[in-house]
Amino acid sequence: MNLSNLFRIALRAISKNKMRAFLTMLGIIIGVASVIAMLAIGQGSKRSIESQISEMGSNMIMIMPYDAERAGGVRMGASNIQTLKNSDYEDIKNNAQYVKAVSPNVSSSGQFIYQNNNYPSSISGVTPSYLEIRQLKIKSGYMFTDIDIEENNKVCVIGKTIADNLFPGGEDPIGKIIRFNSIPFEIIGILESKGYNTMGMDQDAVVLAPYTAVQKRILAINYLQGIFCSAETEDLTPKAVESITVILAGNHRISNPDKYDFEIRSQEELSSMLTSTSDLMTILLACVAGISLVVGGIGIMNIMYVSVTERTKEIGLRMSVGARGGDILSQFLIEAILISITGGIIGVLLGFVASYGVKVFAGWPIFIESWSVVIAFFVCSAIGVFFGWYPAKKAARLDPIEAIRYE
Amino acid sequence: MKKTIIQLTDIKRDFLVGEETVHALKGVSFSIEEGQFVTIMGKSGSGKSTLLNILGCLDTPTSGTYLLDGTSVQSMNKDQRARIRNRKIGFVFQSYNLLANTTAIENVELPLMYNSAISSEERRKRAIEALQTVDLGDRLMHKSNQMSGGQMQRVAIARALVNNPSVILADEATGNLDTRTSFSILKLFQQLHREGRTIIFVTHNSEIASYCERNIVLRDGRIIEDTHNSGILSAAEALEKLPKEE
């Protein structure tokens, strides 16, 4: 019996009872919509992280001190380990290959005060190259210079959040003296706003000062808490890391990599770590949504099964006018597939709507991959076939004589 | 010499019910020629339903031969019998058995949907012709739930005609209808008979026998009577004679 006739028969049968068809496909609709929305949210967050990271400089390298003795499990607070020295910074700046910019890092948290206003934050001691490494820009005023570093000058450059909180009246902060834990610093520049990053941190709550001033005047230390570098290009990052490693290992006289007292993380590494976490989250979400698809499929099977019983007389009639077992099987199978695919289409549309709803109302980033839609369709057809098979087979095996007399 | 449409030779049918064997048909033989209008009668338990199922190729005999329009069908498998039903047999049931919530024309088209040799234009044309034959040419798009019992049975008859069958098998076709409607359906059958159709009418109602040309009576799985009717009554006249409705 030809396929188009069978198709027409199945279509007519479904349209006879549109409400039941709709209720049957509700499980699929919800399942597909949630898969699409979950994937969109997961992909959106992943892409957002990726772009945030690349915005920060995808060729960024972070060097931190590391206590190999007490490692394993809990990470030690890097601020207490004293193995990174100013000389390390100098050597890397002068000798490391494939490295474009280097800045040391020392920081301290405390209260910033200006007249009656205060704001808790931290002060980061860096060099001018820090701006380039972190892709920061000066909006007004100037960044401090190497001379300020040589002279341990107490000058600083602040971010928008600090400016707004210490100068709520809107005055120009430049030239004003603010105190950090009672130590005066003159504001010489203001950074362009960067907003919040994906990790929820306010990138404008920052105060930069010459690292020498922070080391000597605030912390009274002579070691560094970290060194930031940028590689010449993203691809050269691994080579840059290698070169830095050689220098540090040489300086610290450690030949066994397991005993290195420093840690080098590249942005690339961090990026792939974050995106793989994000991928994992996406997969988990999609699995949960996938389970609801299976439940939807079970719903189809239930309804088709009940439908076969209810339509026993009809099946008997069809057989009496010449439908073979195969014709009946095909009809019910096509009905199941039509229901699940239609449910899939509606689910995809609903998924789109839900995803955009999340974007508009919750502000979360979303990204809909075309493969998620394709997969949703394949899964729906498979569900239709798989869960429709058993009821369809049952229908085909009915005996026409008994079926037609069924009450 | 008219062609033999149906030839049954020593048809037996046994059923296994629990541990016992029930002999529903114990050796039935007869032949029916083209254009005959036959009633098969018997009380319940006489085996007439079993005989009907075998005649309609819904069931196969335990032994014996059945030639339908020259083809031997007793040893056909399920699919082959389905095909025979589709091409050569038209059923009319007591309870009409139309598809619910479906138009008359879709109901009548149903057998042709399972015949891939017929195009959709041809199918529609035949369905319309069949409905016109049964006087429902103006109700093509009416749905089954909008029709009276008599109209529904007419649709069922049109459906039985649409594939141009060798034989029409009617199982208590007037059983669910009132007297007036029953007569109008009988009138339709007689009209189809005049047009040359072969019709087998299975019933337990002996009144119907007077409207057909030949009566076969079954009892206990055997034929006890096979007579030709000399004085066939006209259903049309009987319909006229009924008291007029207010």
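**Sheet and interface of chain B**

In this predicted model, six strands of chain B form an open sheet in the order β6-β7-β8-β3-β9-β10, with mixed pairing. Two strands count as paired if DSSP finds at least two bridges between them, and strands (E, at least two residues) and helices (H or I, at least four) are DSSP runs, numbered from the N terminus. The edges of the sheet are β6 (89–92) and β10 (222–228) of chain B, each of which pairs on one side only. From one strand to the next, the twist averages 20°, where axes are lines fitted to C-alpha atoms and angles run from 0 to 180 degrees between N-to-C directions.

Strands of a sheet pair through backbone hydrogen bonds, either parallel or antiparallel. Strands β7 (residues 167–171) and β8 (residues 199–203) of chain B run parallel and are joined by four bridges. B:A170 has B:F201 in β8(B) as its bridge partner.

Between the chains, 20 residues of chain B are in contact with 20 residues of chain A, contact meaning that C-beta atoms, placed from the backbone, lie within 7 Å. On the side of chain B that touches chain A, α2 (78–88) and α3 (104–113) of chain B are the elements that give two or more residues. The largest share, six residues, comes from α2(B).

The mean pLDDT of chain B is 91, and 99% of its residues reach 70 or more; pLDDT is the predictor's confidence in each residue, from 0 to 100. The model scores ipTM 0.92 and pTM 0.69.

Residues are numbered from 1 along each chain as its sequence is written, while chains are lettered from A and ligands numbered from 1 in the order in which they are written. As the model is a predicted one, local features need pLDDT of at least 70 and side-chain atom pairs count only at pLDDT 80 or more, whereas totals for chains, interfaces and linings use all residues.

Key
Contact = placed C-beta atoms within 7 Å.
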